[in-house]
Amino acid sequence: MRYVALGVLVFYVVMSLISLAMYGLDKRAAKKGAWRIKEKTLHTADFLGGWPGGLLAQKLFRHKRRKAKFMVVFWAAVAIHAFLWATAAYFWLTA
C-alpha cells in the first residue's frame with residue numbers, strides 16, 4: 001500500500017510540474033502574441049492530476065484567473081479530485 005501511495009504522490013508531482021510549465025509557456029506566448037497552448041490541453045493536465053501546479057501557475061504568472069469559463073472547468077477538476085480522495089479515504093478507513 002505504501003508503494004501505491006508513493007506512486008500516486010510522484011504522479012501528482014510530475015503532472016503538477018508539467019501543468020506549471022504549460023501555463024508558464026502559454027503566458028509567455030500570450031505576451032509575445034505567439035502560438036498558444038489550447039485551454040483544452042491545460043484542462044487535460046489539470047484533470048490528470050496537475051491541478052496543484054495549475055493553481056500555483058495561476059498565482060505565479062497571473063494567468064487565466066479572469067476567464068470565468070476556464071476557472072469553472074478548473075475548479076471542477078479540483079472538486080472531482082477532492083471527491084475521489086474523500087471517497088478513497090472513506091473506503092480505506094472503513095475497510
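The model is predicted: local features need pLDDT of at least 70, side-chain atom pairs count only at pLDDT 80 or more, and totals for chains, interfaces and linings use all residues. Residues are numbered from 1 along each chain as its sequence is written, and side-chain values use heavy atoms, with hydrogens and water left out. The protein chain has 3 helices and 0 strands. Helices (H or I, at least four residues) and strands (E, at least two) are DSSP runs, numbered from the N terminus.

**Overall build**

- Along the sequence, the pattern of the protein chain reads α-α-α.
- The C-alpha trace spans about 55 × 25 × 20 Å along its principal axes.
- Of the 95 residues in the protein chain, 31% are buried. Buried means under 20% relative accessible area, exposed means over 50%, and partly exposed lies in between (1.4 Å probe, protein chains only).
- Take the contacts with a separation of 6 or more: 68% of them join residues 24 or more positions apart. A contact means heavy atoms within 4.5 Å.
- The accessible surface of the chain is about 6,900 Å², and 72% of this belongs to carbon and sulfur atoms. Accessible areas come from the Shrake-Rupley method with a 1.4 Å probe; for residues, only the protein chains shown count as cover.

**Aromatic rings**

- A pair of aromatic rings is described by the distance of the centres and the angle of the planes.
- The whole structure holds 4 aromatic pairs. Rings of Phe, Tyr and Trp (its six-membered ring) pair if their centres lie within 6.5 Å; planes under 30 degrees apart count as stacked, over 60 as edge-to-face and the rest as tilted.
- One of the pairs joins tyrosine 12 and tryptophan 85; this pair is tilted, at 5.9 Å centre to centre and 50° between the planes.
- Tyrosine 12 lies in helix H1 and tryptophan 85 in helix H3 (residues 68–94), so their pair ties together parts that are 73 residues apart in sequence.
- Phenylalanine 74 and tryptophan 75 pair edge-to-face, because their ring centres are 5.2 Å apart and their planes meet at 80°.
- Tyrosine 12 is buried at 17% relative accessibility, whereas tryptophan 85 is partly exposed at 46%.
- Phenylalanine 74 is buried at 0%, while tryptophan 75 is partly exposed at 43%.
- The charged end of lysine 64 sits over the ring of phenylalanine 70, 5.5 Å from its centre. A charge sits over a ring if NZ of Lys or CZ of Arg is within 6 Å of the ring centre and within 35 degrees of the ring normal.

**Two buried residues**

- Histidine 81 belongs to helix H3. Its relative accessibility is 8%, so histidine 81 counts as buried.
- Beyond its neighbours within four places in sequence, histidine 81 contacts Tyr12, Asp46, Phe47, Leu48, Gly49 and Trp51.
- Isoleucine 37 sits in the loop between H1 and helix H2 (39–61). Isoleucine 37 is buried, with a relative accessible area of 14%.
- Not counting residues up to four places away in sequence, isoleucine 37 touches Met22, Leu25, Asp26 and Leu42.

**Nonpolar surface**

- Tyr3, Leu6, Leu9, Val10, Val13, Val14, Leu17 and Ile18 make a nonpolar surface patch of about 790 Å². Patches are made of residues with over 30% relative accessible area and no salt bridge; like charges are joined within 9 Å, nonpolar side chains (Val, Leu, Ile, Met, Phe, Trp, Tyr) within 5 Å. A salt bridge is a side-chain nitrogen of Lys or Arg within 4 Å of a carboxyl oxygen of Asp or Glu.
- Leucine 17 is in helix H1 (residues 2–32) and is exposed, with a relative accessible area of 53%.
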